[in-house]
Structure formats: structure tokens, C-alpha cells
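Subject: Structure for you to look at

Hi,

Here is the structure I promised to pass on.

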Amino acid sequence: MSFFLVFLAIALAGAAFLLGTGRASKIFHGRRGADDDGGLRALDDGFDQPVANLPPVLLPAEVEPSDVDRLRFAVGLRGYRMDQVDQVLDELREQLAAKDGKIADLAAELERLRQEPEQAP
């Protein structure tokens, strides 16, 4: 009889743990590989995607170094919110690519203007 009570206590503690952590719904609903991403879960770490309930971190149209210094991200359970950091890095990449393109265009224009006086006489 005491073995049964120990087993029952362990089972109840395990059930309380699963319900407390929210993993019970994942266990009982099961994953059959037919998720929204077509069953491809190469980097599934077991955590749900964070809910975007915070305002996005925005950068001005023309980013300057002081703007990057003033950036602040919300701190989550495992560090900074990855969705906010990814969004800002995407914006920075696009703006840097645009500036690099403009610099290349201006360098080509400068080179063309330097060669014009030589060809004029």
C-alpha cells in the first residue's frame, strides 16, 4: 500500500509540474510534423515564439552613430528579445547597403568627372 502512495505522489507531482510549465498541452496535443512551417523544425528549442506585445524598436531614416548608442531592447527570459534585435539589424543592413550604393555611385561620378578634362582638348 505504501508503494502505491509513493507512486501516486510522484505522478501527482509530475502532473503539477507539467501543468505549471505549460508543457502538458504540447504533450497531449502531440506534434505530428504538420505545423505551419510544413513540419520543418530544424532549430526547435522547445520554446514558443515570443509574443510581440512591445512596441517595435525604430531607427530614424538616416541612422547616425548616436542613434545606435541610444538603442535599447527589452530584456526577456533568455536575454534580449530576438525579434526586436533581428528587426533592427535588418533595418541597419538595408540602410548600410543603401549608403554603400550611394558611395559607389558618387565614386563612379567623381572618376568620370576627373577623366572629362583630360579628354576635352
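Helix 4 (residues 82–119) has the highest mean pLDDT among the elements of the protein, at 87, while helix 2 (residues 24–29) has the lowest, at 58. pLDDT is the predictor's confidence in each residue, on a scale from 0 to 100. For the protein, the mean is 75, with 69% of the residues at 70 or more. This is a predicted model, and local features need pLDDT of at least 70, side-chain atom pairs count only at pLDDT 80 or more, and totals for chains, interfaces and linings use all residues. Residues are numbered from 1 along each chain as its sequence is written, and side-chain values use heavy atoms, with hydrogens and water left out.

On the overall layout: there are four helices and two strands, and they follow the pattern α-α-α-β-β-α along the sequence. Both kinds of element are DSSP runs numbered from the N terminus (helices: H or I, at least four residues; strands: E, at least two). Contact means heavy atoms within 4.5 Å. Counting contacts between residues at least 6 apart in sequence, 55% join residues at least 24 apart.

The accessible surface is about 10500 Å², and carbon and sulfur atoms account for 63% of that; the areas come from the Shrake-Rupley method with a 1.4 Å probe, and for residues only the protein chains shown count as cover. Of the 121 residues, 10% count as buried. Buried means under 20% relative accessible area, exposed over 50%, and partly exposed in between (1.4 Å probe, protein chains only).

Which residues make up the largest nonpolar core? The six are Val 57, Leu 59, Val 63, Leu 71, Val 88 and Leu 92. Such a core is a set of buried Ala, Val, Leu, Ile, Met, Phe, Trp, Tyr and Cys residues joined through side-chain atoms within 4.5 Å. Leaving aside residues up to four places away in sequence, Val 88 touches Val 57, Leu 59, Leu 71 and Phe 73.

Leu 5 belongs to helix 1 (residues 2–21) and is partly exposed, with a relative accessible area of 46%.

Last, the charged pairs. Side chains of opposite charge can pair when their charged atoms come close. The structure holds four salt bridges, each a side-chain nitrogen of Lys or Arg within 4 Å of a carboxyl oxygen of Asp or Glu. In one of them, Arg 81 pairs with Asp 83, with the closest N and O atoms 3.3 Å apart. Arg 81 is buried at 12% relative accessible area, whereas Asp 83 is partly exposed at 29%.

Glu 109, Arg 112 and Glu 116 are linked in a network of salt bridges. Arg 112 meets Glu 109 at 2.4 Å between the closest N and O atoms, and Glu 116 at 2.5 Å, N to O. Arg 112 and Glu 109 are three residues apart in helix 4, so about one helical turn separates them. Glu 116 and Arg 112 are four residues apart in that helix, again about one helical turn.

Best wishes
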